[in-house]
Amino acid sequence: MTASAEVVTKQTKQKRTAWTALGTHYKKVSKLHLRDLFAEDPGRAERMAVEAMGLYLDYSKNRITDETVKLLVKLGKEANLQDRIEAMFRGEKINVTENRAVLHAALRAPRDVSILVDGNNVVPEVHAVLDRMASFSERVRSGAWQGHTGKRIRNVVNIGIGGSDLGPVMAYEALKFYSERAMTFRFVSNVDGTDFAEAVHGLDPTETLFVVSSKTFTTLETMTNAQTARCWSLAGMGGDEKSVAKHFVAVSTNAAEVAKFGIDTANMFEFWDWVGGRYSLDSAIGLSTMIAIGPENVRSMLSGFHQMDEHFRTTPFERNLPVIMGLLALWNNDFLGAETVAVLPYEQYLKRFPAYLQQLTMESNGKHVTIEGNPVTRQTGPIYWGEPGTNGQHSFYQLIHQGTRVVPCDFIAFAKSLNPLGRHHDMLLANVFAQTEALAFGKTPDQVKAEGTPDWLIPHRVFEGNRPSNTILAERLTPETLGKLVALYEHCVFTQGVIWNIDSFDQWGVELGKVLAQRIIPEVESKTEPELHHDTSTNRLIRKYRKLRNSA
């Protein structure tokens, strides 16, 4: 067992004291309704709100009391959360199953900061890569970088998967307002050929640059798509192999494979094993984002990340945005029995934010054993999902309001629109406030009856309310604000993982299916009937697929 794991083991028994107290407390407050909590406490909304770095968090519409907050904070302290935070920022190898440091915070640290990994200050290395990215991005954006035929690059296609796709595509969509509109940006991740075919549809190979993102340059899906892109690009340039160096760049650490592909290693942008894929948006993985919005906007985004890092590291838990959100998510998950969290951005540019959070949260905390390898005794990792407002209101909000499940909601909104059009933004924000009010307070049978509703219809028009929500309000969606929001959820995830005593930074659960796929691929591609040794269902499915594929 590593030193980090031993420290956590010693904390486990301590944690149970606060957890037991929360269980007792829950029995006392479980029947309380938000209607009564607000009616009895005029100062609740002011007291249960935190504002920092331009983000305003109203968490008063959660099913909690002041005592709940105190006990949750105590739980965090008994779990030695502050020590774990400091261990992460110091570069200790808190990813215990892979014996790695967890230092996405180093990716956005200022130049004058020192963060050590195995005695080496990694911050200069980070800024060296950022500077190379900035120089390259400016050359592409200005037209100084030309394709093989001398044409300027007008199209950029990012090829990756997981964090190498979800991060760049989310950031591009979120910051499209700031992007270079004379250029086209597309993203390929799925090994389904349709994804690639649609991404390059209508593009001119002589004006297209591919950014291939794979740490090892061996990732099956990414390299399958990259090889297809290579063939497509070469076909558009008469098969000249020299053209690859002008139309492909790599985000990788495997120089040998990058060179073998035909990419000039001078155009390989590296990152490090202390950067997890789902935490890599602000590494070289964000190269396509930098080309889209420019280096200055990316540096502004990194500043937002860093501000949230410092807030998380230095602010008392009672006023700490990620800690509060993490503790409330844990309360809702483990005590209220909520199995999901709906993330509802009332900002169209954030349409991919819920999908990004799905990987961040569920790949991090979807774990069934503790750091020591023992079965967990509590629920971990709620399911995250969502859709921009107001679209969701005409879709799944019915279940949130009147269904049998408790679905805690995070509403994200901005006071100023990037595209002000008449009444649109006031109407949008009115819907945010109306939805949180309706979820919290609902509508009683007496209120429904007073509206003249027939008795038989009253049950159908009652809203129970008492549905928990957070509201995050900021002035405007900027690169800096996006950085703060992403880091907010990163540290919220970390907070929960520490208290659940799990490793939030490995992802062994993605491995088994990938290994089995490598075994099955030659079986489905075989020219002759393969000898199969799977279960009877899998054997039959493979044979059925081969028959359908080969039918006339």
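**Exercise 1.** State the volume of the second largest pocket and describe its lining.

Step 1. A pocket is an open set of points on a 1 Å grid over the protein atoms alone, where a 1.4 Å probe fits, with protein on both sides within 12 Å along at least five of seven lines; lining residues have an atom within 4 Å of a point.
Step 2. The volume, meaning the space filled by probe spheres set on points joined across faces, edges and corners, is about 380 Å³ for the second largest pocket.
Step 3. Its lining has 15 residues, with Gln348, Ser417, His424, His425 and Leu428 nearest the centre.

The model is predicted: local features need pLDDT of at least 70, side-chain atom pairs count only at pLDDT 80 or more, and totals for chains, interfaces and linings use all residues. Residues are numbered from 1 along each chain as its sequence is written, and side-chain values use heavy atoms, leaving out hydrogens and water.

**Exercise 2.** Give the volume of the largest pocket and the residues nearest its centre.

Step 1. The largest pocket holds about 960 Å³ of space.
Step 2. Of its 38 lining residues, Thr219, Gly277, Gln507, Glu511 and Lys514 lie nearest the centre.

**Exercise 3.** How many disulfides are there, and is cysteine 492 buried or exposed?

Step 1. A disulfide is a pair of cysteine sulfur atoms within 2.5 Å; the whole structure contains zero.
Step 2. For cysteine 492, the nearest cysteine sulfur belongs to cysteine 409, 15 Å away.
Step 3. Cysteine 492 is buried (under 20% relative accessible area, with a 1.4 Å probe and protein chains only), at 2%.
Step 4. Cysteine 231, by contrast, is exposed (over 50%), at 53%.
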